[in-house]
Amino acid sequence: MQQPMTRPGNHVIQSYEVYSDMLFRIALIHLGSRQDAEEATQDTFIKLMEKAPAFKDDEHQKAWLIRVITNHCKNLLGRGWRKREVKLEGTEPVAANTPEDMAILQLVLAMPVKYKTVIHLYYYEDYPIQEISRILQISESAVKMRLQRGRQLLKLELEGAEPE
């Protein structure tokens, strides 16, 4: 049974203003579609209103929001209808500053979810490994391993070689 939704207070509105762009970028990296990313961002703030968790500080809230949207994106990607979805040609998910940035971003988008999540948080959101570990609730060594394997995949793709 769902709890009744409450009208968003100043706290939710302030959170939206501060974190919505970052959450949208994270969702865009995972989902590859602007519409899906907007919906995932909206769903994350709906969960914030419904759950109304108590946060120790702003960093705790930020980590909670990142974990919620990451899990939501994983759930969306795991649904059967999404696996059969055909992407439209020419729908670029984000604009990059240079063609090289766009090429790298496309490679990151094509990576498996577990690698692109840590790569996005580390390189695009500037989170340290310890913080990524806390956000994703995995060990620091797992974050380091995923970063290493993600870098190897990117390097292989950039060099045009086949993975071993």
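What is the relative accessibility of Tyr-16, and how does the residue count on that scale?

Mentor: Happy to! Tyr-16 has 45% relative accessibility and therefore counts as partly exposed. On this scale, buried means under 20% relative accessible area, exposed means over 50%, and partly exposed lies in between (1.4 Å probe, protein chains only). Before going on, keep in mind that this is a predicted model: local features need pLDDT of at least 70, side-chain atom pairs count only at pLDDT 80 or more, and totals for chains, interfaces and linings use all residues. Residues are numbered from 1 along each chain as its sequence is written, and side-chain values use heavy atoms, with hydrogens and water left out.

Now to the partner of that tyrosine. The structure holds three aromatic pairs, where rings of Phe, Tyr and Trp (its six-membered ring) pair if their centres lie within 6.5 Å, and planes under 30 degrees apart count as stacked, over 60 as edge-to-face and the rest as tilted. One of them is Tyr-16 with Phe-45, an edge-to-face pair at 5.0 Å centre to centre with 65° between the planes. It joins distant parts of the chain, as Tyr-16 sits in helix α1 and Phe-45 in helix α2, 29 residues apart. Helices are DSSP runs (H or I, at least four residues; strands are E, at least two), numbered from the N terminus. Phe-45 is buried, because its relative accessible area is 5%. Another of the aromatic pairs is Phe-55 with Trp-64, also edge-to-face, with 5.6 Å between centres and 65° between planes. Phe-55 counts as buried at 19% relative accessibility, and Trp-64 counts as buried at 15%.

In soluble globular proteins, nonpolar side chains tend to be buried together. A nonpolar core is a set of buried Ala, Val, Leu, Ile, Met, Phe, Trp, Tyr and Cys residues joined through side-chain atoms within 4.5 Å. The largest one here has 38 residues, and Leu-23 and Ile-66 touch the most other members. At least two residues come from each of α1, α2 (34–51), α3 (58–78), α5 (99–110), α6, α7 and α8 (140–159). The greatest contribution is that of α1, with nine residues. Leaving aside residues up to four places away in sequence, Ile-66 touches Met-22, Leu-23, Ile-26, Leu-121, Tyr-127 and Ile-135, with contact meaning heavy atoms within 4.5 Å.

In one of them, Arg-25 pairs with Glu-125, the closest N and O atoms being 3.1 Å apart. Arg-25 lies in helix α1 (residues 10–31) and Glu-125 in the loop between α6 and α7 (129–136), so the pair ties together parts 100 residues apart in sequence. Arg-25 is partly exposed at 37% relative accessibility, whereas Glu-125 is buried at 13%. The pair Arg-134 and Glu-131 has its closest N and O atoms 2.5 Å apart. Both residues lie in helix α7, three residues apart, about one turn of the helix. Arg-134 is partly exposed at 37%, and Glu-131 is buried at 16%.

Note on methods:
Salt bridge = Lys/Arg side-chain N within 4 Å of Asp/Glu carboxyl O.
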